[in-house]
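Hi,

Here is the structure I promised to pass on.

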Amino acid sequence: MRLSTFVLVFALALNAYSLDTSIVDIKNYQLLRSSGKSSLYEINTSQSSYASAPLLIELVGTRYEMGYAYGNLLSKEIKEAYNFLLTSMLGSHWYDEILKVAVGEVLDWQWNDYLSIQLPLAYKDELTGLRDGAAAAGCPDCGSMVTRAIGASNMPGDVQDYLLVLLRELNKTKIEEWPRRLQKSEDSNMHCSMFGVWGSRTAGQRLFSARNLDWNKDTGINKAKLVAVYKPEDGGIAHATVGFAGLYGALAGMSAEGLTVHEANLEENEITWEGFPFVLRLRYVMESAKNLLEARQVWMKTNNTVGFNHMVASANDAAAYAKDKSSSYAALAMETMYNYTAFFHDNDPREASALYEDTTTGQTSVHIGFPLKEVVWRTNHGYDPIIRQHYEWSQSPSSWSMQRYMFMHEAFTSYERNKIAIDVTQAINITAIVGDKGHHAYECMDNTDGTNVLSVTYDPNQLTMYSAWESKRGKDWRPACCSSYVKLDMTRWFK
């Protein structure tokens with residue numbers, strides 16, 4: 001689709017077809033149970049589209065104590081989530097129990113020999129506490145279920161890549177010796193997206209950022225929607241993650257310093273397990289960094305695994321930029337694969353000069369990069385030349401990743417043309433538009449199209465998150481971006 005067509009489509013959408021997103025306030029937090037200094041709450045909202053209320057767990061204490069409380073207070077939810085995920089992956093046939101055992105053993109080996117090795121001692125202590133706390137609550141296998149889920153979340157985008165990295169680790173083959181693979185079609189469920197916008201584009205020059213998780217839908221894990229607040233007593237910065245019980249770590253998150261973290265699949269052919277699992281690595285960034293410079297330093301001291309697009313956005317940097325435009329930028333995109341990270345800020349020349357070579361149409365110089373000032377965004381492709389060289393999905397302008405990239409581009413430019421400063425409503429609207437709801441970005445259809453299971457918009461200068469989860473099941477399932485966004489004021493929890 002040509003750029004002018006995108007402009008027309010979004011102009012119509014801006015005036016008539018903006019998504020009718022629902023923002024709901026919290027009435028109260030109902031205490032369910034406690035362990036030590038930590039407590040589990042039910043989040044009761046004014047109204048919402050959810051069959052079950054989201055949960056919030058506040059984890060306070062030593063690393064072991066925080067992990068113990070997580071396992072002890074959420075053992076039932078951990079076990080249910082694990083079984084839901086495996087059933088969704090493997091099915092419900094008579095032989096599936098055998099497959100579940102086999103998959104569990106492979107994930108245990110992956111964790112014990114690779115993914116756990118580079119973890120800081122603090123996180124190993126948390127996971128030991130989690131295992132012990134869950135066992136005390138009657139679930140001796142919950143510790144393994146959690147580490148298996150961490151491994152599953154760190155898998156490549158398809159079975160072929162999983163087998164390749166499996167064979168590499170078994171044979172100790174150098175990644176550089178791998179045979180290059182033919183380009184694959186973009187048929188994965190992993191259609192995630194993210195953005196960070198600040199400065200003259202936003203109300204009060206605040207930072208707004210967002211993250212969509214498009215993943216395995218309707219598994220049943222939405223029964224335990226979870227906000228986890230970590231308040232370590234060893235000096236780590238308090239931070240919160242948004243996701244589901246049993247998926248330990250940061251699928252999405254924000255710290256007490258207003259630092260937000262983001263992830264999207266990036267299908268690269270140089271990948272490994274010998275690194276820091278991303279859901280824990282993003283937590284590590286949040287609790288270790290107060291701004292983008294520190295976040296970048298933390299990132300470079302830790303190792304990549306499989307291909308991901310990541311982003312870090314900083315309220316502190318946005319506040320500095322509002323006072324002095326020479327203070328650079330407020331969001332940083334990171335395109336990653338094994339042993340390589342390409343960093344991008346706003347209006348990057350590599351993005352602006354990116355071309356798609358399409359010999360089938362005779363168009364050999366099609367522009368596919370359209371960066372802007374004071375905003376950074378990504379879907380599931382990259383712009384660094386080395387990253388593009390190892391990318392396995394199509395980079396065509398007609399690819400779904402490119403289309404969603406353009407949805408966000410046109411959102412930002414349309415608000416700019418119409419002199420509309422992006423505030424909470426506009427930021428949530430952009431988030432919801434790009435969340436995967438099938439190939440109809442500007443409308444929530446009354447069907448089960450799409451794969452968007454988590455949709456989060458951040459207002460980090462106000463320490464506020466707006467989180468939506470996938471809702472209901474079966475024929476009534478609806479994507480997160482078409483569900484209720486719960487307003488989460490985190491100032492209370494970060495004290």
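A definition to start with: I call a residue buried under 20% relative accessible area, exposed over 50% and partly exposed in between, using a 1.4 Å probe and protein chains only. Helices (H or I, at least four residues) and strands (E, at least two) are DSSP runs, numbered from the N terminus.

Two housekeeping points. This is a predicted model, so to speak: local features need pLDDT of at least 70 and side-chain atom pairs count only at pLDDT 80 or more, while totals for chains, interfaces and linings use all residues. Residues are numbered from 1 along each chain as its sequence is written, and side-chain values use heavy atoms, with hydrogens and water left out.

Which strands does strand 4 pair with, where pairing takes at least two DSSP bridges between two strands? On one hand there is strand 3 (residues 38–45), antiparallel over four bridges, with tyrosine 41 partnering leucine 56. On the other hand there is strand 7, parallel over seven bridges, where isoleucine 57 has alanine 228 as its bridge partner.

Zooming out, these belong to an open, mixed sheet of 10 strands in the order 2-3-4-7-8-9-10-11-12-13. Strand 2 (26–35) and strand 13 (340–344) are the edges, each pairing on one side only. Neighbouring strands are turned by 20° against each other on average, direction ignored; axes here are lines fitted to C-alpha atoms (for helices over the stretch in contact), and angles run from 0 to 180 degrees between N-to-C directions. Further along the sheet, strand 7 (residues 225–232) and strand 8 (residues 239–244) pair antiparallel over six bridges, and valine 229 stands opposite alanine 240. Helix 8 (residues 278–288) lies across strands 7, 8, 9, 10 and 11, at about 160° to strand 10.

Methionine 194 in strand 5 (residues 193–197) is also worth a click. It is buried, at 1% relative accessibility. Its contacts (heavy atoms within 4.5 Å) include His262, Asn309, Trp377 and Met408, leaving aside residues up to four places away in sequence. Methionine 194 is also 9.8 Å from serine 455, C-alpha to C-alpha, although the two are 261 residues apart in sequence.

Last, salt bridges: a side-chain nitrogen of Lys or Arg within 4 Å of a carboxyl oxygen of Asp or Glu. The count comes to 23.

- Glutamate 77 and arginine 33, at 3.4 Å between the closest N and O atoms. Glutamate 77 is in helix 3 (residues 75–90) and arginine 33 in strand 2, so the pair ties together parts 44 residues apart in sequence. Glutamate 77 is buried at 13%, arginine 33 partly exposed at 34%.
- Aspartate 218 and arginine 473, at 3.0 Å, N to O. They sit in two loops, 255 residues apart.
- Arginine 350 and aspartate 384, at 3.4 Å, N to O. Arginine 350 is partly exposed at 27%, whereas aspartate 384 is buried at 4%.

There is also a salt-bridge network linking Arg63, Glu126, Asp234, Arg283 and Glu287.

Cheers

Methods:
Two strands pair if DSSP finds at least two bridges between them.
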